[in-house]
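Hi,

Here is the structure I promised to pass on to you. Please have a look at it first, and then read my notes below.

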Amino acid sequence: MDKDLLVNKLMIKSLSEMFSLHEKVNIIAGPCSVENVDQLEEIAKTLKKFNVKFFRGGAFKPRTSPYDFQGLGLLGLEMLKEIKEKYGFFIVSEVMDPRYVEESMKYIDIIQIGSRNMQNFSLLKEVGKTNSPVLLKRGMMATLNEYLLAAEYILKEGNRNIILCERGIRTFEDSTRNTLDISSIAIIKRYTSLPIIVDLSHSLGRKDIIIPIAKAVLALDVDGIMVEVHNNPESALSDSKQQLNFEEFENLVENIDRIY
Ligand code: PEP
Ligand code: MN
């Protein structure tokens, strides 16, 4: 691996405190999309019971079809802020447009850059100019080298608060939504000191194998996992097949707890 890419970054205090490394694994959970306040409330109450610290929910949704639900935008961010204030979560939410970066920071704690925007260089530069923690997802078509260079775009502007997120890449295999590249996790851990988490929901696109795969990635000593949880997955406005219901989430947490 290119030496320039051996990022050896000391995270500033805010991120290391928020994202307490090498303790029990951090869980980022919540719905694919922010749909309404009642939905968020129900999910938040459940996640709180399991001591989840990071609540995810998309307000700006990068949908493949322009006719699908596009998210509630700023209204969705306002709802997330309500949940943050009421339950004390750190909020993770995707921002797709550089023009919304600054505004979004008033509502959320971690800006997510989604797979489809990993090489949106204006967006990378814009979040790089802030000191906001950034969850940078791997592009579904990106090599590891391209991925780490995307992280470099953010670092180059001065923001070191980056959390990497492996979320699977596109291959010919179609039994999972993407192919989870577990070697990339080991390589990232070996050659960088950035925290790395795994998004189980978007890697797999299915729920029936989430527990064994969660165990596998925990064996790689990842810093966190992300999982989509919904109060009523069947009626979700996006990704209904992969979102866990509360019982499934409880089962996942119990299995994870058994490892520690
Ligand atoms: C998401 O996490 O909401 C999302 C759209 O994931 P990805 O960018 O990995 O497809
Ligand atoms: Mn989703």
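The protein chain has 10 helices and 8 strands; these are DSSP runs numbered from the N terminus, with at least four residues (H or I) for a helix and at least two (E) for a strand. Its radius of gyration is 17 Å, close to the 18 Å that the globule rule gives for 260 residues, so the chain is as compact as a globular protein of that length. That radius is taken over C-alpha atoms, and the rule is 2.2 Å times the number of residues to the power 0.38.

Before going further, please keep in mind that this is a predicted model, in which local features need pLDDT of at least 70 and side-chain atom pairs count only at pLDDT 80 or more, while totals for chains, interfaces and linings use all residues. Residues are numbered from 1 along each chain as its sequence is written, chains are lettered from A and ligands numbered from 1 in the order in which they are written, and side-chain values use heavy atoms, with hydrogens and water left out.

Now the chain as a whole. Along the principal axes, its C-alpha atoms fill a box of roughly 45 × 40 × 35 Å. Of the 260 residues, 55% are buried, where buried means under 20% relative accessible area, exposed means over 50%, and partly exposed lies in between (1.4 Å probe, protein chains only). Among contacts (heavy atoms within 4.5 Å) with a separation of 6 or more, 71% join residues 24 or more positions apart.

Histidine 202 and aspartate 239 are both buried. Aspartate 239 also has a positive phi of about 45 degrees, although it is not a glycine.

Glutamate 228 belongs to strand β8 and is buried, with a relative accessible area of 0%.

A few other residues are worth a look. Arginine 206, in the loop between α8 and α9, is partly exposed at 29% relative accessible area. Its C-alpha is 6.3 Å from that of lysine 241, although the two are 35 residues apart in sequence. Leaving aside neighbours within four places, arginine 206 is in contact with Ser175, Thr176 and Gln242.

Isoleucine 211 is in helix α9 (residues 210-219) and counts as buried at 17% relative accessibility. Not counting residues up to four places away, isoleucine 211 touches Asn251, Leu252 and Asn255.

Finally, aspartate 221 lies in the loop between α9 and β8 and is partly exposed, at 45%. Its phi is near 65 degrees, a positive value in a residue other than glycine.

Best wishes
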